[in-house]
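Please look over the sequence and the model below before reading on. The report that follows takes up a few parts of the fold in turn.

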Amino acid sequence: MDKHELKREQAARAAWLSYVGGRTQDEIAAQLGVSRPGVQRLLALARDEGLVKIRIDHPISGCMAMGDAIRTRFDLAFCDVVPSGPDAIGGNAAFLAPSGAERLAGLLESQAPLTLCLGTGRSVRAAVEALGVMARPQHRIVSLVGNVARDGSANRYDGVMMLADKVGASRFLLPAPVVAASVEEKSVLLAQPLVQAVFSVARQAQAGVIGIGRVDPQATLFQDHFISRAELDELLAAGAVGELMGWPMNLAGELIDCPLTRRITSLPLAELGAQPLIGLAGGRDKGPAILSALRGGWLKGLVTDEAAARYLLEA
């Protein structure tokens with residue numbers, strides 16, 4: 001999607017909120033993360049481009065109606081729903097990337113020093129790749145998830161290094177596997193000064209952007225060798241449908257306690273409760289995982305697609 005189409009999409013969002021949602025320009029500015037003059041320019045663009053007629057002549061209109069319903073139902077600060085389709089190169093992540101990048105940019109444009117937590121996943125990585133370059137050396141980017149698999153390979157979907165390079169920020173990686181081999185190994189790892197230093201930075205973050213993982217045979221945790229088949233079966237038997245930063249949840253959004261979870265090295269979700277977490281995930285197959293994260297109240301913002309949004313509203 002080129003810059004002009006991105007601007008058209010943003011203009012369509014502003015138009016929908018103004019003409020259909022009845023929001024004031026100040027409310028639109030707060031929801032879209034732009035200034036009040038920026039909202040005025042977007043509304044002017046929507047009129048110039050012919051997007052505003054009897055209805056908003058843009059496919060994003062239906063998406064925004066679903067997003068508004070999800071935002072209200074789950075008490076979110078925002079919910080961006082993007083069009084989806086089966087033929088996108090890179091799957092759902094390619095559709096989510098522009099909106100995810102917009103939300104990242106809205107956070108990173110701050111001139112005040114910002115500490116931003118970043119999770120992993122295809123959608124998070126795609127959003128980082130879609131983000132433009134900006135000079136923000138005053139910021140800090142910190143990883144919320146270990147970036148090493150059991151075989152020593154690195155997590156291909158970790159975006160901390162790329163994001164820090166794009167904004168010139170300091171970067172903090174969590175030097176640990178997602179799941180330790182034993183409870184004793186986890187204790188030793190978490191006692192390391194380097195790990196504690198990264199956790200300390202993460203606790204100071206003003207916001208976090210994370211992926212939402214499914215728990216089934218196609219789960220990234222399993223496919224990328226962070227957990228074994230036996231451990232996947234353990235999670236499924238315990239009722240897991242999704243995970244955030246490796247922490248598995250049931251359909252009610254409750255964290256699952258089982259032998260595997262006692263070996264997870266990520267910072268506990270409860271310790272991030274003071275900072276808003278933005279989830280990025282799409283596709284109907286991710287529906288149960290996204291619903292779980294929302295029911296648990298773990299997210300304050302969501303970027304998703306039509307297929308997942310329909311699942312959430314039907315549920």
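## Strand 5 and its partners

In this predicted model, strand 2 (residues 115-118) and strand 5 run parallel and are joined by 3 bridges, and within this pairing L118 has V209 of strand 5 as its bridge partner. As background, the strands of a sheet pair through backbone hydrogen bonds, in either a parallel or an antiparallel way.

How much of strand 5 (residues 207-211) is buried? The strand is mostly covered, with 5 of its 5 residues buried, and the covering reaches both of its faces, since A207, V209 and G211 are buried on one side while G208 and I210 are buried on the other.

An open sheet of 3 strands has the order 6-7-8, and its pairing is antiparallel. Strand 6 and strand 8 (247-249) stand at the edges with a single partner strand each, so one side of each has no neighbour in the sheet. Helix 12 (residues 287-295) packs on this sheet and touches strand 6, strand 7 and strand 8, while its direction makes about 95 degrees with that of strand 8. Strand 6 pairs with strand 7 (residues 242-244) in the antiparallel sense over 2 bridges.

## R214 in strand 6

R214 lies in strand 6 (residues 213-214), where its bridge partner in strand 7 is G242. Is this residue buried or exposed? R214 counts as buried because its relative accessible area is 18%, which is below the cut-off of 20%.

The side chain of R214 makes a polar contact with the side chain of D216 at 2.8 Å, and a polar contact with the side chain of D285, also listed at 2.8 Å. Setting aside residues up to four places away in sequence, R214 touches A219, V241, G242, E243, D285, K286 and A289.

## Helix 12

Helix 12 is mostly covered, for 7 of its 9 residues are buried, and these are G287, A289, I290, L291, S292, A293 and L294. The buried residues pack against helix 4 (60-73), strand 6, strand 7, strand 8, strand 10 (301-305) and helix 13 (306-314). Just after the helix, G297 takes a positive phi of about 70 degrees.

In soluble globular proteins, nonpolar side chains tend to be buried together. The largest nonpolar core in this model holds 71 residues, of which I70, L294 and L302 touch the most other members. Helix 1 (residues 3-20) gives the most to this core, with 6 residues. Apart from this core lies another of 26 residues, among them L116, I141, V167 and A169.

Which residues does I70 contact, once its neighbours within four places in sequence are left aside? I70 is in contact with L76, C79, V81, L294, L302, A309, L312 and L313.

The structure holds 0 disulfides.

Technical notes. Residues numbered from 1 in each chain as written. Predicted model: local features only at pLDDT ≥ 70, side-chain atom pairs only at ≥ 80, totals over all residues. Heavy atoms only, no water. Helix = DSSP H or I, 4+ residues; strand = E, 2+ residues; numbered from the N terminus. Buried < 20%, exposed > 50% of the residue type's maximum accessible area, 1.4 Å probe, protein only. Polar contact = N/O pair within 3.5 Å; in protein donor to acceptor, adjacent residues only side chain to side chain. Contact = heavy atoms within 4.5 Å. Core = buried A, V, L, I, M, F, W, Y, C linked by side-chain atoms within 4.5 Å. Pairing = 2+ DSSP bridges. Axes fitted to C-alpha atoms, helices over the stretch in contact; angles between N-to-C directions. Disulfide = S-S within 2.5 Å.
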